[in-house]
Amino acid sequence: MSAKVDEQAAQRDDVDEIELALLLEGVYRRYGFDFREYAPASLRRRVWRRVQAEGLATISALQDKLLHDPACMERLLLDLSINVTAMFRDPAFYVAFRQKVVPLLRTYPFTRIWVAGCSTGEEVYSLAILLHEAGVHDRTRIYATDINESVLSHARTGVFPLDKMREYTQNYIRAGGERAFSEYYLAKYDGAQFQRSLVDNVVFAQHNLVSDRSFNEFNVIICRNVMIYFDRTLQNRVHRLFYESLVTFGVLALGAKESIRFSPFEDRYEDLDADERLYKKVD
Ligand SMILES: C[S@@+](CC[C@H](N)C(=O)[O-])C[C@H]1O[C@@H](n2cnc3c(N)ncnc32)[C@H](O)[C@@H]1O
């Protein structure tokens with residue numbers, strides 16, 4: 001009996017796998033978003049959540065709806081591209097950035113920084129504050145990109161939940177912030193509106209790390225908590241893109257959760273900060 005139940009469950013898993021592969025192929029061909037090589041376990045969980053939220057019974061039914069209804073695709077995109085972020089997230093990263101990267105930025109008359117996978121923009125405003133306090137904000141241009149247009153629209157507003165400001169103030173202090181954090185925003189109803197001047201030099205644009213090409217040469221590329229969702233093949237493809245987009249002696253900043261180790265580009269960089277995974281391109 002239990003062998004039979006096991007067999008049925010295994011068959012269901014096989015069908016699920018086929019349906020998921022077809023759905024991802026459909027999404028890619030219809031909309032150009034390539035999730036085909038994303039880590040399967042979390043992908044399957046998220047797709048099933050969307051199947052249920054749409055009141056459907058199977059992944060194939062979701063595929064049908066997705067192909068004919070772009071609004072449904074937008075909803076799936078939000079499910080798939082986990083957008084969790086925070087201001088001065090992982091404060092130690094900003095401390096290391098201030099100590100190790102800012103001195104390099106000072107050696108250039110003008111620098112370009114790419115924040116890839118910027119989500120709703122909290123990371124970009126944090127970086128802008130850091131650069132402002134370091135006195136290099138006005139000779140920097142930041143390109144902030146994400147696959148998802150909805151999060152970028154949010155990022156452009158510069159409004160973040162007021163009830164987060166206590167946590168963000170703590171992060172800012174731990175990140176080595178030099179002023180009163182409240183100088184940077186105005187409270188408006190339940191939102192905190194950050195100063196527009198912080199993002200005068202920021203271009204927010206849609207860019208898919210998996211399928212789009214490089215669009216400039218950068219002195220620094222920051223990409224944190226994005227590649228954890230990619231499998232090794234995809235990670236290597238993105239590492240190639242970053243390598244080709246960085247100037248010689250440019251900095252790749254991955255943060256504590258990601259690493260260049262085991263990628264084919266490992267030998268092309270040297271450590272600037274081993275804990276916060278700041279690497280300098282040397283080859
Ligand atoms: C967890 S958030 C990280 C946000 C921010 N970097 C941070 O560390 O707080 C991941 C972001 O990566 C974006 N993303 C996922 N796949 C992407 C892709 N192929 N190209 C560009 N961005 C992608 C998602 O839309 C999401 O906003």
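**Contacts and overall form.** I began with the contacts in the protein chain between residues at least 6 apart in sequence, and found that 74% of them join residues at least 24 apart. I noted that the model is a predicted one. I then counted the secondary structure: the protein chain has nine helices and ten strands. I looked up the extent of the C-alpha trace, which spans about 70 × 50 × 35 Å along its principal axes. The radius of gyration of the protein chain is 21 Å, and this agrees with the value near 19 Å that a compact globule of 283 residues would have. I also recorded that 35% of the 283 residues are buried.

**Domains.** I looked up how the protein chain is divided, and found domain 1 (2-80) and domain 2 (91-281). Between the centres of domain 1 and domain 2, taken over C-alpha atoms, the separation is 31 Å. Nine residues from domain 1 and eleven residues from domain 2 take part in the contact. On the side of domain 1 that touches domain 2, I listed five nonpolar residues, one polar residue and three charged residues.

**Nonpolar cores.** Which residues of the largest nonpolar core touch the most other members? I found that they are Val-115, Val-124, Ile-221, Leu-252 and Ala-253, in a core of 56 residues. Helix α6 (residues 122-133) gives this core its largest share, seven residues. I also noted a second, separate core of 14 residues, with Leu-24, Val-51, Leu-66 and Leu-76 among them.

I returned to Leu-252 and set aside its neighbours within four places in sequence. The contacts of Leu-252 are then Ile-221, Phe-242, Leu-246, Ile-260, Tyr-269, Tyr-279 and Lys-281.

**Ala-128.** I located Ala-128 in helix α6. Is Ala-128 buried or exposed? I recorded Ala-128 as buried, because 27 other C-beta atoms lie within 10 Å, and the cut-off for a buried residue is 20 or more. Beyond its neighbours within four places in sequence, Ala-128 is in contact with His-137, Ile-142, Leu-198, Val-199 and Val-202. I also compared Ala-128 with Ser-197: they are 69 residues apart in sequence, and their C-alpha atoms are 9.4 Å apart in space.

I placed Asn-225 in the loop between β7 (218-222) and α9 (232-245). Asn-225 counts as partly exposed, because it has 19 C-beta neighbours inside 10 Å.

Phe-262 belongs to the loop between β8 (246-253) and β9 (269-273). I recorded Phe-262 as exposed, because 9 other C-beta atoms lie within 10 Å, and the cut-off for an exposed residue is 12 or fewer.

Technical notes
Residues are numbered from 1 along each chain as its sequence is written. This is a predicted model: local features need pLDDT of at least 70, side-chain atom pairs count only at pLDDT 80 or more; totals for chains, interfaces and linings use all residues. A nonpolar core is a set of buried Ala, Val, Leu, Ile, Met, Phe, Trp, Tyr and Cys residues joined through C-beta atoms within 7 Å. Helices (H or I, at least four residues) and strands (E, at least two) are DSSP runs, numbered from the N terminus. Two residues are in contact if their C-beta atoms, placed from the backbone, lie within 7 Å. The radius of gyration is taken over C-alpha atoms; the globule rule is 2.2 Å times the number of residues to the power 0.38. Domain bounds come from an automatic or database domain assignment. Ala, Val, Leu, Ile, Met, Phe, Trp, Tyr, Cys and Pro count as nonpolar, Asp, Glu, Lys and Arg as charged, and the others, Gly among them, as polar.
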